[in-house]
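Hi,

Here is the structure I promised to pass on.

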Amino acid sequence: MNEKIRSQLYQDAKQWIKEAGTTIREKINDPLIVDTKSNPNDLVTTMDKETEKYFVNKIKTKYDDHQLLSEEGFGDKVKSLDGTVWIIDPIDGTMNFVQQKRNFAISVGIYHDGVGEIGFIYNVMDDVLYSAIKGEGAYKNGVKIPPLKEKVPFEKAMISLNHFWLCENRLVEEEVMQELVKTVRGTRTYGSAALEFAYVAEGIMDGYLTMRLAPWDIAAGIVIVNEVGGVTTNVAGEKINMLVNNSILVCHPSIQKTIIKDYIIKGKKRLGHN
Ligand code: 2AM
Ligand code: CA
Ligand code: CA
Ligand code: CA
């Protein structure tokens with residue numbers, strides 16, 4: 001992608017994300033309409049929709065030849081990653097937004113011909129912006145994030161995963177995942193996939209393991225994590241397809257093989273696909 005165009009895109013996206021965040025903070029205590037989607041715990045609010053519409057309006061006005069892939073359906077029906085595609089989650093961590101009024105993020109990834117060029121994850125209530133441009137490093141509020149440190153012994157690793165891995169599930173024997181939890185130093189569940197990616201990039205978590213995420217949950221995070229030397233695949237170690245849902249393993253490269261070989265493959269069920 002042309003560097004001048006990329007730099008302009010970065011500036012525009014940053015400004016729009018900050019503006020959207022300011023609006024959310026101003027309205028954080030306003031009454032909310034909360035609806036459910038696929039199940040009673042799959043929430044969506046007027047704020048998710050309004051924020052997404054804000055981005056659609058900004059992007060379509062200035063970049064009418066770009067495509068927009070976003071969670072709440074106001075973007076395009078994206079069938080191919082040709083050209084420039086904005087992949088947006090207006091609020092990642094909607095349950096946190098509703099229940100806690102914090103711990104949620106705006107996630108914006110900009111891809112060109114399938115390549116992640118720009119990533120932004122904005123922790124709205126903390127006013128912390130993680131950003132990256134491909135090949136130029138990752139930043140937290142404008143301060144460069146150092147590359148991930150050399151090696152993380154598995155016994156000292158901090159891993160994000162949700163508790164469904166420890167309940168009966170269709171992918172991996174839960175006893176094997178319980179072994180993982182007992183072997184590593186600590187586990188966490190933050191409830192926003194985008195923030196879990198950002199924490200791996202920042203080096204405060206060493207890995208994040210999840211069964212199923214959509215492109216808008218991961219698009220920005222992949223760009224940011226890759227810039228510090230983290231690895232991003234599905235839980236089988238395969239390449240992620242940005243047009244469909246994927247299982248996700250994002251981690252420090254030194255623990256990737258252990259997680260895949262000693263846990264995912266070892267505990268894999270016959271029914272499991274990826
Ligand atoms: P969301 O808040 O944008 O829906 C923890 O729930 C993480 O998983 C969040 O990043 C959440 O994104 C994501 N997620 C993806 N699909 C989900 C679903 N069907 N229900 C709840 N969370 C989902
Ligand atoms: Ca959602
Ligand atoms: Ca999401
Ligand atoms: Ca969302």
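Ile91 sits in strand E4 (helices are DSSP runs of H or I with at least four residues, strands are runs of E with at least two, both numbered from the N terminus). Ile91 is buried, with 29 other C-beta atoms within 10 Å; buried means 20 or more such atoms within 10 Å of a residue's own C-beta, exposed means 12 or fewer, and partly exposed is in between, with C-beta atoms placed from the backbone. Leaving out neighbours within four places in sequence, Ile91 is in contact with Met47, Asp48, Thr51, Phe97, Phe104 and Ile106 (contact: C-beta atoms, placed from the backbone, within 7 Å).

Before I go on, bear in mind that this is a predicted model: local features need pLDDT of at least 70, side-chain atom pairs count only at pLDDT 80 or more, and totals for chains, interfaces and linings use all residues. Residues are numbered from 1 along each chain as its sequence is written, while chains are lettered from A and ligands numbered from 1 in the order in which they are written.

Ile91 also turns up in UniProt: an unreviewed entry there puts a "binding site" at Glu71, Asp89, Ile91, Asp92 and Asp217 (positions follow the numbering used here, feature names are shortened, and annotations may be inferred rather than shown by experiment). These residues span 147 residues in sequence, yet no two of their C-alpha atoms are more than 9.6 Å apart, so they gather at one spot. Glu71 is in the loop between E3 and E4 and is buried too, with 23 other C-beta atoms within 10 Å. Not counting residues up to four places away in sequence, Glu71 touches Glu52, Asp89, Pro90, Ala214 and Trp216.

Now the sheet. It is open, with 7 strands in the order E3-E4-E5-E6-E7-E8-E9 and mixed pairing (strands pair if DSSP finds at least two bridges between them). E3 (67-70) and E9 (143-144) stand at the edges with a single partner strand each, so one side of each has no neighbour in the sheet. E8 (residues 138-140) and E9 run antiparallel, joined by 2 bridges, and Tyr139 stands opposite Lys144 in E9.

Finally, the domains: the assignment gives domain 1 (3-144) and domain 2 (154-267), with bounds from an automatic or database assignment. Their contact takes 30 residues from domain 1 and 24 residues from domain 2. On the domain 1 side, E6 gives the largest share, 6 residues.

Cheers

Definitions and conventions. Two residues are in contact if their C-beta atoms, placed from the backbone, lie within 7 Å.
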